[in-house]
Amino acid sequence: MPTRLSNVARLTVAAVSAGLLTAAITLPAVGGTGSLVVSATEELNLKPMALVEPPLSQTSTVYDARGNVIARFYDQNREIVRLDQIAEVMRTAVVAIEDDRFYEHGAIDVEGTVRALVKNLSSDRLSQGGSSITQQYVKQVLLNAADTEQDKNKALEASYARKLKELRYAMGVEKKYGKDEILRRYLNIAYFGAGANGVQAAARRFFGVPASRLDLAQAATLAGAVQDPNTTDPSRGKKARELLLARRNVVLDRMAELGRITPEQASAAKAKKLGFKDVRLPNGCGDSDYPYFCEYVRRELLINPAFGGTRQARERAFAQGGLKIYTTLDPKAQAAADRAIKKHVNATDNALASEALVQPGTGAIRAMAASRGYGSSAKKKQISYNAVADARHGGLIGFQAGSTFKTFTLIAALQQGMKVDDGITVGNGYNAPSAAAFKNCAGGGVGDPSWTVTNDEGTPGFKTLRTGTWGSVNTFFMALEQRVGLCRTVETAKSLGALRADGRKLQEYETFTLGINEMDPVTVANAYAAIAAQGKYCTPMAITKITASGTGPGRTTSYRPSCRQALDPGIADATAHILSGVFTKGTMRGVGGIGRPAAGKTGTTDGYASAWFAGFTPDLAGAVSIGDPRGSQRHKLVNTTIGGRYFPLVAGASLPGPIWKDTMTAALKGVPATPFAPIDTGRFGGCGDDCAPARPSGDADRPDAGEPALGEPDPGEQGLGELDAEELG
């Protein structure tokens with residue numbers, strides 16, 4: 001007895017010396033048994049201290065355009081819920097085992113606390129906690145707010161100074177909130193083990209149900225887990241599960257002892273198995289069914305100031321803020337793209353096919369698909385970058401866009417007043433007349449008279465804007481670009497959002513029209529979508545609205561398309577008119593159309609390094625690329641097997657065209673066909689597909705007559721980044 005009293009006296013003196021107690025703690029001995037009681041709570045004259053409560057880390061969720069979950073992101077797996085979203089039996093269980101007098105005592109359970117302090121002092125170690133739920137909440141807040149290991153250790157240190165400070169914080173919390181609100185906050189912050197923070201995440205992780213549907217046995221299990229969540233973490237194996245089961249039964253016995261449940265209910269619950277279902281919550285794009293679109297959304301959130309003032313703030317909000325992110329992804333269009341690519345290209349092929357679908361008039365990205373799986377398995381030939389997007393959105397260098405760039409030269413010619421049947425007589429080869437024949441936008445001459453551009457096969461003769469485009473005649477487009485000006489073609493491409501996939505400046509050489517710049521499917525599809533929208537260019541858009549976290553409805557911010565009129569509508573209509581003939585009289589004639597008005601352009605690069613198709617209807621635009629990510633210039637699409645089929649060479653109509661056709665047919669099924677606006681014949685000439693060409697067209701109607709472009713290699717750029725791609729791919 002003297003030893004215990006001296007210990008208590010020592011605590012009292014220490015507390016008074018620290019200035020934390022201004023009145024003595026009365027601890028009289030009772031009946032000679034050594035038991036100690038405190039006379040009254042008010043004798044602890046502690047001053048309340050305000051607790052800073054930073055927002056809790058929560059899971060951010062990404063949804064498609066129909067409201068389906070497509071991805072989740074979190075630093076801590078947590079979903080904050082209201083008290084009425086937590087089963088009453090769960091609330092009862094945790095109060096029974098952690099603080100059965102929670103609704104009776106004030107800010108501090110003085111009897112329990114002093115009893116624990118006396119026990120700890122008598123044993124010269126901290127053997128008993130005695131903390132109320134409010135105190136435990138305070139400790140969890142301090143722990144969650146700690147940024148460094150030093151701060152975390154300080155929040156957990158076994159010292160009476162820390163304990164008394166927690167008491168002052170607890171008084172502040174109880175002054176600020178009612179008991180129900182404190183319990184709700186505690187259940188949302190507590191760690192239950194198995195990576196589950198908060199009762200909602202724990203209910204789903206342990207049992208696959210929301211916290212509102214927990215039964216007695218499940219509630220007792222979670223209530224038991226909070227005491228030592230690491231030791232009883234059921235994901236760690238059999239021993240931990242046995243410890244958790246034993247702890248559950250302790251909780252059930254305590255609930256029965258307190259009269260919160262009957263002995264029969266306790267026995268029935270104890271007879272049940274643990275029932276741990278180990279339901280893992282997906283985290284990140286690698287766990288998403290739509291990893292490339294997911295990665296685009298993630299990167300867009302991080303790089304776009306519209307979603308937060310600083311990158312650090314955006315990263316924190318995304319990883320911890322519990323955002324609800326609603327996107328433009330159309331599951332029907334996405335499924336169509338996935339099926340089409342899978343039909344034509346195997347995931348284990350060396351060649352990589354990628355496709356993006358964009359809505360004209362909004363820039364909304366409706367689908368992003370690729371033939372390779374997203375991940376780091378070299379055996380499965382997975383890729384860990386975004387094959388469908390540019391470097392800003394997780395991609396690499398992309399593939400040279402080939403003859404899809406001829407469309408920009410065509411538009412420039414129409415802008416300068418050429419009619420659809422105006423043309424140029426060309427031969428089998430083209431050489432720049434002089435270096436000054438092509439000037440970049442800085443005014444420098446870039447023409448190389450020694451470089452000869454040829455067609456795949458001889459197609460000399462007079463080519464019009466229509467027939468030259470339908471046959472994709474290289475020499476015609478070189479001569480046309482010379483006439484309209486290289487810089488004018490470059491500026492036209494830029495006006496439609498053409499940017500290199502690697503983020504560098506567009507390479508302005510005379511073979512610009514032949515597609516020497518590396519591009520990504522999202523950028524190309526979006527450029528063609530602007531033509532479909534009668535010249536209205538919209539920035540690619542993946543996010544429509546974001547709802548901030550909160551226990552209520554939250555704050556929602558909506559995002560509208562960012563658009564501008566890039567082309568005169570009449571120019572866009574004339575371009576669509578010409579490109580629609582690619583399906584009936586040009587390079588896609590062997591593949592055919594999609595049963596509704598459509599327009600597009602094939603693209604094949606020098607030596608078959610890569611192949612493309614970009615096309616559109618008034619309702620949807622898409623671009624497909626295919627190349628070898630090990631390095632398209634070193635591993636060309638010649639004498640190769642793709643999708644189980646041997647190809648002596650791969651051109652735009654060989655694989656990209658059929659993939660686009662299958663995708664668009666399925667994606668637009670059930671959507672009423674929308675016609676293109678008719679061409680202004682008074683301004684551009686032309687009288688429709690039933691009219692004979694104004695001049696002889698030679699062989700231009702034969703598919704792929706001039707498509708494979710012997711584009712000028714850029715010694716400073718060719719192969720840049722391909723070594724990195726090879727390492728990743």
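Modeller: A salt bridge means a side-chain nitrogen of Lys or Arg within 4 Å of a carboxyl oxygen of Asp or Glu. This is a predicted model, so local features need pLDDT of at least 70 and side-chain atom pairs 80 or more, while totals for chains, interfaces and linings use all residues. Residues are numbered from 1 along each chain as its sequence is written, and side-chain values use heavy atoms, without hydrogens or water.

Biologist: Asp390 has no salt bridge, so which side chain of opposite charge is nearest?

Modeller: Asp390 sits in the loop between strands S9 (365–370) and S10 (399–400); strands are DSSP E runs of at least two residues, helices H or I runs of at least four, numbered from the N terminus. Asp390 is buried (under 20% relative accessible area with a 1.4 Å probe, protein chains only; exposed is over 50%, partly exposed in between). Counting Lys and Arg as positive, Asp and Glu as negative, and leaving out His and chain ends, the nearest opposite charge, 4.7 Å away, is Arg392.

Biologist: Which side chain makes a polar contact of 2.7 Å with Asp390?

Modeller: Beyond four places in sequence, Asp390 touches Gly395, Ala501 and Asp520 (heavy atoms within 4.5 Å). The polar contact (N or O atoms within 3.5 Å, one able to donate a hydrogen and the other to accept it; sequence neighbours count only through side-chain atoms on both sides) is with His393.

Biologist: How many of the 10 residues of helix H15 are buried?

Modeller: H15 spans residues 406–415 and is largely enclosed by the rest of the structure. Its buried residues include Lys406, Phe408 and Leu414.
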